[in-house]
Structure formats: C-alpha cells, structure tokens
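Welcome! Take a moment to look over the structure below before you read on.

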Amino acid sequence: MERRSQLSALDRLVRDCREGRGGVALVSGPVAGGRTELLKTFAEKAAAQGALVLEACGTARESELPFGVLHQLFSTLPVPAGRRRARELLGDGACRLPGSSAAGPSEYLRNEANEELWASLAELAGRAPVVLVIDDLHFVDLASLQSLLYFGSRLRSARVSIVAAQLDCPLSAGQPRAVLVTELLRHPRFTALRADPLSRNGIRAILAGRHGAEADGRAVQSWHRLTGGSPFLLKALLEDQAVAAERVEDPLPGKEFATATLACLHRGGRRFLRIARSLAILAESESADLLPWTIEEDEDTTSRLVGAMEDAGLLDSGGFRHPVVRDAVLAELPPEDRAGLHRRAARLLHDRAADPPRIGVHLVAARHSAEPWALDVLLATAEDALRRDDLELTGRCLRLAEAACEDDEQRMAVVLLKVRAEFRLNPAIAWRHLETRLTALREDKVRLDQMVALLRPLLWRGRQDEAALILDRLTRAAGELDERSATELYVIREWLGSAHPRLITAAPDAGVPGGVRSMAVADPLTQAAAVLGGVLRSGPDESTVPTAEWLLKTTVLDEGTLCAIQSAVLALIYADRADLAEQWCDHWLRETAERQAPAWQALLTSARAEIAIRQGEMRSARRYGRAALSLMPRSAWGVAIGSVMANLLISNTAVGAPETADLTLTEVPDGFFETRSGVYYLYARGRRQVAAGRLHAGLDDLLACGRSMQDCGIDLPTFVPWRSDAVEALLRLGHRRQARNLAAEQLARPAVLQPRTQGISLRTLAATEDDPAERERTLLRAVDALENCADRVQLAYTLVDLSDAQESLGATRRAGLSAQRAARLAEERQLEPVLHRLARTGMTGAAAMVPQAREPETVAWDGDVLSAAERRVVMLAVSGRTNREIARELYITVSTVEQHLTRAYRKLNVSGRSDLAARFAGAGSGLVRAMNRGA
C-alpha cells in the first residue's frame, strides 16, 4: 500500500543492472515504517525476473561482530565451492585496523581478499544480474561496511547492485558507521527512496479491504492516532480487533499491538528502549521533561530521538499512544532496572524542588526510603493520595515511611496519617494503630500540633481523660501553637460544644488571636458546629436552614469535613426540616458509596435512620439502622454507637417489634452518656422501657437523659422530647402533679413552636388535663400542629388520644372519625402498638367506621362561601393530606395552602383541621361534586 513509486524505482535499478549499469539504492524510513516489507517484495520480484538475490540483515546484537553481514551474503551463494572459499577468505583474509584496542577490535579484509570476493560476484553476474539486499544498514558491522564500500566502487560497469534500508535516525548507528554509509551513498548511480508511514487514505483503503466497507472519517482518525500510520502496528491492531470482534469504529489495542510495539523498540536499538523505559517511569509523576537527564543525553539529541520514535508511530506528543504500550514496556523491564530508574527520577525531581507527591510516587515504586528527605516527601505524598481517595498509595507511602522513622515524633506523624486513612474504612483498625502510641502522650513526648490531631480520635473512642489532658496542655501552651494548629484547635473546641458539651469548661475562643479566630470561623466545621449548637441550645432561627444548606452545597467531603456535613444535616433534622435533610443525606450517601468509604457511609446511614424517624417512616428507619450496623462493626463505632442503637430502639418500639438482646449496649465507652449520642441513646432506651411496662427503669433513664441534657446546655425538645415520655411513665405510676409540671416545662422550652415539637408537647400537656373538654381542645391544637409536619406516627398517637377524649365527652361520631384516621395511619405505617390500643378500646375495624351522614346543610356549596381554589384545598385536607402534600398535588406553595385553609376556617366557622374533618364527616361526595362544579 502506497509503495508503487518505490517499487518502480527499484525495478529500474534491476533493469539497469541487467544492462551492466550497477547502482546503489537506499530505502530510509522510521522503525516499522514498511522498509523490510518493501525490500522483501522487491527481492521476490527481482528473483522472479531472473536476478540472483543475496540477502543479509544487520542486527544490534551482531553490530560488533566482524564480517557478520558478509557471512550472511556469501553463505547464500548458489555454488558450494564459492561458499567454502568465502568462509576461508573471511577467516584468513582479515587484518586488524591500526590503533585498534583489544577491548574493541576493528577489522577489515585485505585488498586481495576483497578482490577475490568481488570476482566471485562478477562471475555470477555474468550469468544473471546480482542484487545485494541488506536490511537495517545502520546495524551492519564496520568490517562488512568497509567491504561493501569496496564493492560499491566497482559497480559502475558491473551487473551488480546494492539495495539497502536503514532507519531515519543515524544516531542509533554511531558516528563511524554513519561516515562509512555516507561514503557508500556517494555512488554516482545512487537512488534515495522513502518508506513513510501510511496516510489516512492508505489506512482507509486497508480497512475497506479488511471489512468490506469504507470506514468513516472518525474511525480512520482513531486507527491513525493509535498506529501513527505504521503498517506493522496497523497489522497488529487489526489482529487484536479480529480477536476482540470489536467494531471498526472502536479499535482497542491488545496483546498483539503491545508485542508489536516492543518489537519496534528493540529494532530501534538501545536508545529507543532507554527512552521508552524512561518515559514509562516518568509517566507516573508526569515528568517527561526530565527525559534528557534520565537517559543522559543532551536535549538536542533527545529531541531528535523522540522525533524519530514519533515518526515510527511509537510515541505521540512525547508520550505513548495507548496505556497498553506503557504497561508492556514496564512489564519487560527487569525489577532492579525499574527500581533504579525510579530512584533516579526521584532524585532528579527533588533536586528541581518538585512537588512532594511527584517525588513520592517514585520512592514508593522503588521501595526506597534511604534519602534524608524521604520521610517528609512520603508523608506529603500520603496526604495527597488520601485527599484523592487513593488509599492503596496512601498505605504504601505510610508503610515505607515507617522504615524511615528515627524517633517517636516521626512515628507519631506516621500513625496519625494511618488513623485518618483507616477511619473511612474501619475506625477500630485506626484506633489499634493509635493505641500503641498513647504511652508517648502520657509521657508528654508528643508535639503540640500532634496533640491537636489526637483529640478527635480519642473522643471517638470515649477516651475523655486523655482528651481532657490534651486540652489542658494545649490551653497552657496556647502561645506556642503555630497558626495552623491554633486554628484547628479553635475549630475542634467549637465542635466539642455540640458533640461533647461537658468537655468544654472554658470559652472556646479564650486567648485566641484575632487572625486565628477569623480563619477558624471560615472553616466548615466551625460554621456547622455553630449552627447545630445553636439549634440544640436555643432552637432554630431564620438563619439555621439557609446556613446549613449553604454549608452542604459548598463543602467538599473528606475526613476533615465529614463532621461538618453530619452537623449540618442534624441541624436540618432538629430544625424540623427532615425533607431537606433527606435530600442532602441521600446526596452524600451516594458520594460515600462511590468513594468506597464504608465508615462515612455508615455514619450518614445512621443519620438517614434518624430522618426517617422524624418523617414517621419507622420501617425505613429500621432498615437504615440495620444497614448502618452492617457497614461498620460495632467495635468500630466508638461513642457514635449510641445514635445508631437509639434509632433502632425508637423505630422498633414504634412498630411493636419484639425486644432483642442485640439492641442493648452492655458496655459503653467512658463519658458516653455525656455525649450527644449517649444522651440520645438514654432517651431511646427509656422510651423502650416505658413501652414494655418497665416504668421505673424507663423513668430513671429518661430523667438521667434530662439531667445530662441540662448539664450540657442542650435541653431542647426539638432534639429529644424526653419529658413527653417521662410524663407518660409518671401518669401510669400515679404521679400526676409531677407529670403536669414536666409537661408545662416542655411547653416553656425554646423552639417548642416547631410543628412537630409543638404537637408532641401539646399532646403531652393534654395527657395531664383533668377536664375532657380541655383535653380535646389541647389535642385538637396538637393535631393541627402535626398536620404541618411529616411525622404521621406522632399524628396517629395524637388521634388515638383525641378519640379517647371525644369518647369520654360522649361525642361518639367525632371519636369514631378520629379513631378511623388513626387506624388508617397505623395500618399505612404498620404501627402495631396503635392498632392494639385501638383494639382495646373497641375502635378498630367496623367499630371505627362512621356511617355516612347527610351533607351538612350549614354549608352552601353552590354559593360563594368557598372559592374554587379553597374547595380544592379543603377537600384534600379533609382526606388527610398534609399541607406539603397538598402543595405538591396542586402545584402551589405551602404558604398558599395555609392561606386558603385560614380563609376556609373563618368562612366555615371552624377552629382548625380536625374540626374541619369532623364538620365534613360523611360529606365526601358533596365535596367532590362541589369541587367539580368549581373547577
């Protein structure tokens, strides 16, 4: 393909030779550019035309073997006697060149020997033209070149011609050979030919011949990009494609392509191999600019060699055309040579003050840590790899760094990075690394900046004493901290205020310089801790939700920001925005799954269970809770085990699941019940105890939970409404006055106007009311509040209480309606305790169904009492939809729904949603007709 002009020129050479005009032709081109194939085709055609073709090929291995190519040429003489005489001449007719050394002998044939060999060729030429075909002339030994130069001087009037091929890059041959080749090419009948790579049109024609249809431009471009037009590489790629049965549009290099590329590199000589191997090594740090120093050549020579390799299709823009080639080059490289190249690259990069991660990858690959600067480089590389989620490289860096450590401070630095790396996989393993270094902490052999880094892992394990010791030392040495450590300490102290409140005894910013404080305040964890702390201490305000959402939008997840993300999600939960918390938690769960960080995923899955509880989805909460425990063993959870177990206890209690031993924590870390997680667990355990009838044990837990919350300054029912469950226990124990006081206290706490918290608190207060009418009024207010939140479980329990109150007032129809709604919610949410309670009071099944009543005459559906929009909203409200559900269904805002309901309440003279439902009991068909008329 694309070689017609070259073959025509060589045909003319044979014709001239037949007529007694010998000549010289040289085919030049890149490695694997088709030179050998061209010579082979020519030799076959010349032999078919009656010429005697004598062939030889230079090789890198035999380039220093005297007379190697001459032996090849004359060993194919058709006359046995001539072959024997040639061997004798090449053995006895040689002499050493003057000045040659024993280490590198150079030999040549005496003139009489050359003359006799030429005579044998001339004798054969008398019968038929003789063509000497020599491939890879750049590798021909010097002694053979000397004789070929002698033959060339006698070609002018002989029927003998020389056809040779060589690489474009004479640098591979060495200067002496280049001089001799130049002399040979000065023959008066010299012809220069090219074997250039295939053009895109050539590749298109080959693909069409192979696949029977013309490939489009994109496909041709892909094939040309991978092969550079090299016929040899193109053939190998076609073989790979046939094995893979891939489409012509999507060539995929495989084993054949890699093998062919290696063969080309070897044919190019040691310099091509050195360049390829060095580039394969330097690719790990993207340091191809170091190539001249790696191969120890000047930049100009390196540029010409790389250019020759690009012409051959072996490189493209100074790099490999496909990763499979680099892999093949590295696989062929002996391990000791590979390590040596990596060490050289590391030193070169260090001498040029390169970024540590670029140096570190070479140290790791060479398993080399003997350099005096190796430890710092390895630690920085591990930090960078951890940031990129490359845990394998992080681990390899740290294992090598351990070997470079010389003292306890250095070993602690390695351990702290190990802890950070392992935490996302299994915090229990991370702790085992750290536990071995705690002796140094107790003996005060740990740097101040390392103490700051130790705080969070210690608190995770509940090691309050060591954490308090560190805080005390850091407070006394605050002036000695560098700016980064001081900032990190400030951030951690802010976080402690919401996660470990008891541990903070002084103001978080005491003695902190203004510059450090301004940097710390900008940290996501500081802002998230402030938002969560504000919600826990005084309830949400107008900035809580926007700030939490802004943090979740702008924070990048890593081991340092995980706490910030958790805190922002929890702030949304405790601000009664479980809908937003759900969206963000699901977003981060997807990312942790993609990044294969099971510990992070477990923590966020536990938060997802808490969100499901706030939404009244108890079955989902159980599923998320179990999933969290399956992602991380219990031994790894540290103090956070309290939250995940609390979620399981609360959800199991709500659906009436039987008690199981695996939900009981028999051993907890020190200071566990002084953490937010421990407080939450105490509440859940107390609630479970009360539900199981163990009233005294449950009340003890609930009161202990309350004391801890008060001591920590986070006694807010929007976080844990412990008083509500304590009131239930007290009432069942007959302590009505104490229950009344607790219920009143809860209503007086901050943030109690949040819909869910308000509904729970009003239901709690109603339980202490002696007057049934007052109890009904309070419960109606509770129902109205709970209608505006997603927690259908709390609404179901409140409706059961309302049904009881209405029954005691003799309002059987209203009681039945309330029980009916409670039963429907309980069946939807599979709330067995609610269904059992309704069954005990005889208000389930048929007893809970209210007969169809006549449409109330007091409502003029055909008049102007309600607008069409108000009718639609009222009908959906009566059917049990929440305000948010109505807004989604009618494509309006929640605020618009609330406005329509407020006007409807005023026009119909009803007090709220529950009164509205009672007013229209049995009027469903009338409502539908009215809505249809007003639509």
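This briefing walks through a sheet, a pair of helices, a pocket and a cavity. Please keep in mind that the model is predicted.

**The sheet**

- Let's start with the strands: five of them form an open sheet in the order E2-E5-E6-E1-E7, and their pairing is parallel.
- Strand E2 (52-57) and strand E7 (190-194) stand at the edges with a single partner strand each, so one side of each has no neighbour in the sheet.
- On average, neighbouring strands of this sheet are turned by 15° against each other, with direction ignored.
- The partner of E2 here is strand E5 (residues 130-135), and the two pair in the parallel sense over six bridges.

- Next, find helix H41 (residues 812-829) and helix H42 (residues 832-840), whose axes come within 8 Å and cross at roughly 145°.
- The crossing of H41 past H42 is left-handed.
- On the H41 side, the contact is made by Ala819, Ala822, Ala823, Ala826 and Glu827.
- On the H42 side, Val834, Leu835 and Leu838 make the contact.
- Sorted by class, this contact has seven nonpolar residues, one charged residue and no polar ones.

**The second largest pocket**

- The second largest pocket holds about 1,100 Å³ of space.
- Its lining counts 37 residues, and those nearest the centre of the pocket are Glu728, Arg732, Arg763, Tyr797 and Arg837.
- Several helices each supply at least two residues of this lining, among them helix H36 (722-733), helix H38 (755-767), helix H40 (792-808) and H42.
- The lining of this pocket divides into 17 nonpolar, seven polar and 13 charged residues.

**The cavity**

- How many cavities of 30 Å³ or more are there? The count comes to one.
- About 100 Å³ of space lies in the largest cavity.
- Residues lining the largest cavity include Glu610, Ile613, Arg614, Tyr680, Tyr683, Arg687 and Gln794.
- Helix H31 (598-614) and H34 each supply at least two residues of this cavity's lining.
- H34 (676-691) also supplies at least two residues of the lining of the second largest pocket.
- By class, the residues lining the largest cavity are seven nonpolar, one polar and four charged.

Conventions: Residues numbered from 1 in each chain as written. Predicted model: local features only at pLDDT ≥ 70, side-chain atom pairs only at ≥ 80, totals over all residues. Heavy atoms only, no water. Axes fitted to C-alpha atoms, helices over the stretch in contact; angles between N-to-C directions. Helix = DSSP H or I, 4+ residues; strand = E, 2+ residues; numbered from the N terminus. Left-handed = near helix turned anticlockwise from the far one by under 90°. Contact = heavy atoms within 4.5 Å. Nonpolar A, V, L, I, M, F, W, Y, C, P; charged D, E, K, R; others polar. 1 Å grid on protein atoms, 1.4 Å probe; cavity = no way out; pocket = protein on both sides within 12 Å on 5 of 7 lines; lining within 4 Å. Points joined across faces, edges and corners; volume = space filled by probe spheres on them. Pairing = 2+ DSSP bridges.
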